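Please look through the model with the points below at hand. They are meant to be read slowly, with the sequence and the structure side by side.

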Amino acid sequence: MRADIAVIGGGVAGVSAAAELSTDADVVLIEGEAGLGYHASGRSAAMFLPFYGNAVMRVLNEASAEHHLHADGGVLKRRPFLSLAPAAKRDLRGPG
């Protein structure tokens, strides 16, 4: 099999990236589980938390927030939630 791009991971991000890229390139999606969206996809799709994850993930979350909120009418709705963390994680709090 030949492809222009290989996307590794069949979660929400991997499948979304593969679908978007496939309009302009031949894409192969590589997944280690028996099915797509097996692990983190359910948690990732349940709520958009801009301050969740490691430093790289937080940057990606922040960079994509405006798109998810507004592009094509937006796919996110603002809703209140409470996030608790130990004192050592206070620097990772979200806005407010």
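1. A contact here means heavy atoms within 4.5 Å. By that criterion Asn61 touches Phe48, Leu49, Pro50 and Tyr52, where residues up to four places away in sequence are not counted. Asn61 is found in helix α3, and with a relative accessibility of 13% Asn61 counts as buried; buried means under 20% relative accessible area, exposed means over 50%, and partly exposed lies in between, for a 1.4 Å probe and protein chains only.

2. A word on the basis of these values: this is a predicted model, in which local features need pLDDT of at least 70 and side-chain atom pairs count only at pLDDT 80 or more, while totals for chains, interfaces and linings use all residues. Residues are numbered from 1 along each chain as its sequence is written, and side-chain values use heavy atoms, with hydrogens and water left out.

3. The protein chain has three helices and two strands, and from the N terminus on these elements run β-α-β-α-α. Helices (H or I, at least four residues) and strands (E, at least two) are DSSP runs, numbered from the N terminus.

4. Strand β1, residues 5-8, pairs with β2 in the parallel sense over four bridges, where pairing requires that DSSP finds at least two bridges between two strands. The chain crosses from β1 through helix α1 (residues 12-21) to β2, and this β-α-β crossover is right-handed; that is, with the strands pointing away from the viewer, the path from the first strand over the helix to the second runs clockwise. Within the pairing, Ile8 stands opposite Ile30 in β2.

5. Is Leu36 buried or exposed? Leu36 lies in the loop between β2 (27-30) and α2 (41-46), and at 56% relative accessibility Leu36 counts as exposed.

6. Most residues other than glycine have a negative phi. Asp72 is also exposed, with a relative accessible area of 82%.

7. For the chain as a whole, 11% of the 96 residues count as buried. Among contacts between residues at least 6 apart in sequence, 31% join residues at least 24 apart.
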